[in-house]
Amino acid sequence: PFRRAQTEFFKTLSFDKDKTVFAVGHICPVQTTLQKGDIFDIERDTYAKWNAEFERMGIEFMLCAHQHVAHVVLSDDEKNTLPHNYPVIVGTECAFQKEGAGKLFGTAIRFKKDGTAFAFTDEEKNVKEEFYIGK
């Protein structure tokens, strides 16, 4: 019921196209998990409605977490469960369970006149990967 209420709320939103418009959410609605069809691949019908609203609003990107792997989900990613026209930045990684344990990555975001720059960085400010979305 809460997600359905959020869907109705999204329908009320509109934005100035001259502004940077983006969405932030914990779960990546276009790719809820790294494995299609696994137990956590949930709410696909609701997320399809969210995606339609994000596309209507003209978001430039979405910032998410949940997957514990910092990466960029482009529209042509083979793991997508929903088609989308905007990149999704899954912006947090916890490497405690992997080689190099103890690293925690987050996302630095820099808004510029000609676009938005992203950098996945660890707690010592080491950059793992960078991504840029131009206007």
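A: Let us begin with a proline: Pro 87 sits in the loop between β3 (71-73) and β4, in what is a predicted model.

Q: Is Pro 87 buried or exposed?

A: Buried means under 20% relative accessible area. Pro 87 has a relative accessibility of 12%, and therefore counts as buried.

Q: Which residues does Pro 87 touch, leaving aside those up to four places away in sequence?

A: With those neighbours set aside, Pro 87 touches Glu 60, Phe 61 and Met 62, then Val 72, Val 73 and Leu 74, and also Phe 131 and Ile 133. As a separate reading of position, the C-alpha atoms of Pro 87 and Asp 76, which are 11 residues apart along the chain, are separated by 9.6 Å.

Q: What is the general idea behind a nonpolar core, and which residues have the most contacts inside the largest one here?

A: In soluble globular proteins, nonpolar side chains tend to be buried together. Here the largest nonpolar core has 18 residues, and those with the most contacts inside it are Val 30, Phe 54, Ile 59, Met 62, Tyr 86 and Val 88. The elements that give two or more residues to this core are α2 (44-57), β2 (61-64) and β4 (88-90), and α2 gives the most, with 4 residues. Apart from this core lies another, of 8 residues, among them Ala 70, Val 72, Phe 118 and Phe 120.

Q: What does Val 30 touch, beyond residues up to four places away in sequence?

A: Val 30 touches Asn 51, Val 73, Asn 80, Thr 81, Leu 82 and His 84, together with Tyr 86 and Val 88.

Q: How are aromatic rings to be read, and how many aromatic pairs are there?

A: A pair of aromatic rings is described by the distance of the centres and the angle of the planes. The count comes to 9 aromatic pairs in this model, and one aromatic cluster is formed by Phe 9, Phe 10, Tyr 47, Trp 50, Phe 54 and Tyr 86.

Q: Which residues lie nearest the centre of the largest pocket?

A: Phe 10, Ala 23, Val 24, Phe 54 and Met 62 lie nearest the centre, out of a lining of 19 residues, and about 260 Å³ of space lies in this pocket. The elements that give two or more residues to the lining are α1 (2-10), β1 (22-24) and α2, with the largest share, 4 residues, coming from α2.

Q: How do residues on the two helices compare with the cut-offs for burial, taking Glu 53 and Gln 6 as cases?

A: Glu 53, in helix α2, has a relative accessible area of 11% and is therefore buried; leaving out residues up to four places away in sequence, Glu 53 touches Phe 10 and Lys 11. Gln 6, in helix α1, is partly exposed, with a relative accessible area of 23%. The C-alpha atoms of Gln 6 and Thr 46, 40 residues apart along the chain, are separated by 9.6 Å.

Definitions and conventions: Residues are numbered from 1 along each chain as its sequence is written. This is a predicted model: local features need pLDDT of at least 70, side-chain atom pairs count only at pLDDT 80 or more; totals for chains, interfaces and linings use all residues. Side-chain values use heavy atoms; hydrogens and water are left out. A nonpolar core is a set of buried Ala, Val, Leu, Ile, Met, Phe, Trp, Tyr and Cys residues joined through side-chain atoms within 4.5 Å. Buried means under 20% relative accessible area, exposed over 50%, partly exposed in between (1.4 Å probe, protein chains only). Contact means heavy atoms within 4.5 Å. Rings of Phe, Tyr and Trp (its six-membered ring) pair if their centres lie within 6.5 Å; planes under 30 degrees apart count as stacked, over 60 as edge-to-face and the rest as tilted. On a 1 Å grid over the protein atoms alone, a cavity is a set of points where a 1.4 Å probe fits but cannot get out, and a pocket is an open set with protein on both sides within 12 Å along at least five of seven lines; lining residues have an atom within 4 Å of a point. Grid points are joined across faces, edges and corners, and a volume is the space filled by probe spheres set on the points.
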